[in-house]
Amino acid sequence: LTTVDEDDLKELIAAELEAVRRRSLGLTTEALPPGELTAQVSPLMSPLVWDLAHVGNYEELWLLRAAAGAEPMRPEIDHLYNAFEHPRAERPSLPLLPPDEARAYIATVRAKVLDSLAKVPLREDDPLTAGGFVYGMVVQHEHQHDETMLATHQLRKGAPALLDAGEPPPAPGGAAAEPEVLIEAGPFEMGTSDEPWAYDNERPAHIVDLPAYYIDTYPVTNRAYLAFMEAGGYEDPRWWHPEGWRWRSRHNRTAPGFWRREGGQWLRRRFGRIEPVPMDEPVQHVSWYEADAYARWAGKRLPSEAEWEKAARWDPAAQRSRRFPWGDVYEEGRANLGQRRLRPAPVGSYPQGASAYGVQQMLGDVWEWTSSDFTGYPGFRAFPYKEYSQVFFGPEYKVLRGGSWATHPLAVRGTFRNWDFPIRRQIFTGFRCARDAAR
Ligand code: AVJ
Ligand code: FE
């Protein structure tokens with residue numbers, strides 16, 4: 001993105017704005033049963049129609065008011081879509097724009113945005129517009145909400161509403177490589193100072209020196225996780241963080257989200273369809289506490305986010321960090337990203353996506369819990385607003401890395417950081433384990 005000229009960049013931005021909107025409209029289609037766009041399926045989620053108008057309101061805020069100096073279009077609705085004014089549980093009782101008005105509002109915003117994109121130069125001396133940053137921020141924001149809407153779809157009851165394109169993964173799957181990879185001791189470059197659309201929390205690039213460790217080649221599969229369950233993992237407090245044991249006991253957790261046992265078989269509900277748990281797929285819908293307990297039972301631990309990132313990005317031969325595990329250029333077919341299918345791929349499906357160390361499926365498939373709290377890197381500066389990341393820094397959030405099958409390629413990279421509470425498992429989350437090399 002740094003080397004393209006302004007017209008090409010504007011063309012790319014317009015195409016990506018168009019693509020993400022098509023995705024959002026597909027997730028809020030009129031084909032859903034009446035009332036489903038305005039209903040709340042869980043207090044953890046917004047009504048779908050809130051997400052839809054919120055992405056348009058965010059776009060108005062940043063691309064029309066902040067970047068182009070426009071006046072608010074509908075100042076009276078702004079507060080409805082401010083995530084900090086109304087927590088998710090409250091949103092269904094707000095006087096939200098009904099679906100048709102929400103669609104009309106975001107379409108009007110979009111028409112004005114395309115108009116101003118064509119007219120206003122993307123000034124390189126303004127950090128907001130340099131490299132198209134603020135447009136990239138808005139595109140990523142909408143893709144992130146699309147992933148959130150997919151989590152809402154997964155939680156909803158009733159007949160299936162989403163069609164699984166069901167594109168087969170490029171390789172047959174089956175864990176062919178060694179189960180673990182040794183990452184030698186030494187420094188690597190973490191984070192970025194030159195990725196044009198990176199968020200503030202990914203900046204700046206800095207050197208981190210790590211002792212040697214092993215990291216799993218693949219995410220933990222349903223088969224491996226079931227072995228933990230069958231070994232009594234959920235019943236043994238030895239494996240659990242004290243808070244995790246309390247969480248597990250209070251809610252009587254005995255299996256990942258959406259699993260149920262019927263006639264001696266483990267089944268799972270996936271977007272309204274019931275199927276046998278696919279044993280070679282990465283486990284999904286586990287909380288940080290479950291991931292942490294599994295790792296302890298396995299004699300391992302979760303990787304820190306620095307360990308995750310070194311295994312994903314560092315090229316020891318070239319002594320530099322890559323943008324993606326396989327190199328600096330995004331290429332289709334190297335990761336299960338972008339909602340190409342409504343599920344993670346079996347482990348071993350993406351040998352072409354391996355990192356320099358040979359670690360596989362680090363991008364896509366499932367978000368991976370790390371042992372790290374969400375904090376700012378040394379030299380962190382909130383940009384362009386502190387409510388994106390900074391207000392969440394602290395010990396109550398754990399970092400997730402790598403994106404899931406539901407994450408769009410523009411909304412993830414080797415440096416990308418996501419975060420959530422350690423009890424959450426409605427998102428498309430799994431994990432892999434690590435361990436110290438010297439014991
Ligand atoms: C980065 C996924 C934690 O959904 O709360 C969306 C992204 N920020 N709108 C979230 C976000 C503002 C954020 N996560
Ligand atoms: Fe948002």
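**Working through the model**

Me: To begin, in which sense do β1 and β4 pair, and over how many bridges?
Reply: Strand β4 (residues 213-216) and β1 run antiparallel and are paired over 4 bridges. Strands (E, at least two residues) and helices (H or I, at least four) are DSSP runs numbered from the N terminus, and two strands pair if DSSP finds at least two bridges between them.

Me: Before we continue, what are the ground rules here?
Reply: This is a predicted model, in which local features need pLDDT of at least 70 and side-chain atom pairs count only at pLDDT 80 or more, while totals for chains, interfaces and linings use all residues. Residues are numbered from 1 along each chain as its sequence is written, chains are lettered from A and ligands numbered from 1 in the order in which they are written, and side-chain values use heavy atoms, with hydrogens and water left out.

Me: How many residues of α8 are buried?
Reply: In helix α8 (residues 305-313), 9 of the 9 residues are buried, so the helix is largely enclosed by the rest of the structure. Buried means under 20% relative accessible area, exposed means over 50%, and partly exposed lies in between (1.4 Å probe, protein chains only).

Me: Changing topic, what coordinates the iron ion?
Reply: His-54, His-141 and His-145 coordinate the iron ion (ligand 2), each through NE2, at 2.1 to 2.2 Å. Donors are N, O and S atoms within 2.8 Å of the metal (3.2 Å for Na, K and Ca), and sites may look incomplete because water is not among the atoms.

Me: What geometry does the iron site have?
Reply: The site of the iron ion (ligand 2) is irregular, with angles of 90 to 172° among its 4 donor atoms. Four donors count as tetrahedral if all angles lie between 85 and 135 degrees; four count as square planar and six as octahedral if opposite donors are over 155 degrees apart and all others between 65 and 115; anything else is irregular.

Me: Where do His-54 and His-145 sit in the chain?
Reply: The donor spacing is H-x86-H-x3-H. His-54 belongs to helix α2 (residues 48-66) and His-145 to helix α4 (residues 133-155), so this pair, 91 residues apart, links distant parts of the chain.

Me: Are those two buried or exposed?
Reply: His-54 is buried at a relative accessible area of 8%, and His-145 is buried at 12%.

Me: What does UniProt annotate at residues 16-149?
Reply: An unreviewed UniProt entry gives "domain: DinB-like" for residues 16-149; UniProt positions are in the numbering used here, feature names are shortened, and annotations may be inferred rather than shown by experiment. That stretch is 51% helix and 0% strand. For residues 179-435, UniProt (unreviewed entry) gives "domain: Sulfatase-modifying factor enzyme-like", and the chain there is 14% helix and 23% strand.

Me: Where are the cis peptide bonds?
Reply: The bond from Arg-203 to Pro-204 is cis, with omega near -10°, and Pro-204 is in the loop between β2 (186-190) and β3 (206-210). The bond from Phe-383 to Pro-384 is also cis, with omega near -5°.

Me: What is the phi of His-285?
Reply: His-285, which is not a glycine, has a positive phi near 60°. His-285 counts as buried at 0% relative accessibility.
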